[in-house]
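Let us look at how charged side chains pair with one another in a protein model, taking a few pairs one at a time.

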Amino acid sequence: MAQDRPTVKVGFSVTNHYSDEIRPRGRELLSAYLESLEKSCSYPFEVFIVDNQSKDRLDESKLPDHYHYYYVEDQSKGGLTHAWNTGIREAFEHGCDVVFNTNEDLTFNDSINNFVEVIMNHEDSDVALYGPMSDGVSTHHQQATEPGENKLIETTHDAWDSRQGYALNGFFYGLTKEMYEKFCYDESNLFSTEKWCSWNGQEIEIHDRCWPLGMRSFIAEGCFVPHIKLKDWQHFRSC
């Protein structure tokens with residue numbers, strides 16, 4: 001259990017946006033995300049909020065010490081992927097052992113500790129990208145309504161199709177620092193900085209690029225993450 005590994009530090013990178021036009025519930029979603037995380041995670045953790053050009057900046061002075069805040073002035077330059085890359089990079093630079101890259105339209109429960117445990121006990125964690133089970137994803141093999149057995153299902157080379165979805169849905173990725181260092185797109189970005197995948201296509205990009213290099217993909221059956229699956233992000237591309 002979490003108490004057996006007190007030295008493991010977990011980083012939660014969360015991309016957030018608030019504006020009346022595109023994501024009016026942005027701050028509400030972030031609050032629910034953070035409240036559920038504080039109640040659920042038994043491991044030492046830090047939060048890395050990447051604010052993708054919200055209408056109003058958060059007041060950093062009111063954030064807890066283990067929260068870090070980064071404001072993107074112009075989201076059109078790098079899209080959603082730039083925010084993901086920023087949060088992941090900052091988390092590892094702050095000494096996190098495991099990082100979860102997420103958006104703010106989800107909440108946590110105690111099964112997040114199963115996810116950390118199964119990653120830390122996995123002999124191939126240095127080459128693995130992980131995802132949880134959820135009720136709000138189109139990826140068939142990640143669909144669930146509750147946590148299952150705390151084991152991993154490998155989805156390496158499960159290409160996208162209309163029946164199964166991606167090998168791992170991009171709403172929630174888990175990885176270790178060793179994996180990050182082996183499969184970065186460049187010296188500081190896990191995902192490609194090419195324009196074509198700045199708003200979508202990240203799932204295809206990272207798997208197509210990294211599978212031939214030895215990356216493997218796994219789903220943690222023992223972690224269930226409720227996901228609202230808002231489609232507000234789709235509007236960013238035209239704003």
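Arginine 209 forms a salt bridge with glutamate 205, and their closest N and O atoms lie 2.4 Å apart; a salt bridge here means a side-chain nitrogen of Lys or Arg within 4 Å of a carboxyl oxygen of Asp or Glu. Because the two residues are four residues apart in helix 5 (residues 202-210), about one helical turn separates arginine 209 from glutamate 205, where helices are DSSP runs of H or I with at least four residues, numbered from the N terminus. Glutamate 205 counts as buried, at 7% relative accessibility, given that buried means under 20% relative accessible area, exposed over 50%, and partly exposed in between, using a 1.4 Å probe and protein chains only.

This is a predicted model, in which local features need pLDDT of at least 70 and side-chain atom pairs count only at pLDDT 80 or more, while totals for chains, interfaces and linings use all residues. Residues are numbered from 1 along each chain as its sequence is written, and side-chain values use heavy atoms, leaving out hydrogens and water.

In helix 1 (residues 26-40), lysine 39 and glutamate 35 are likewise four residues apart, so about one helical turn lies between them, and they form a salt bridge whose closest N and O atoms are 3.2 Å apart. Lysine 39 is exposed, at 63% relative accessibility, whereas glutamate 35 is partly exposed, at 46%.

Arginine 57 pairs with glutamate 60 in a salt bridge, with 3.7 Å between the closest N and O atoms. Arginine 57 is partly exposed at 47% relative accessibility, and glutamate 60 is partly exposed at 42%.
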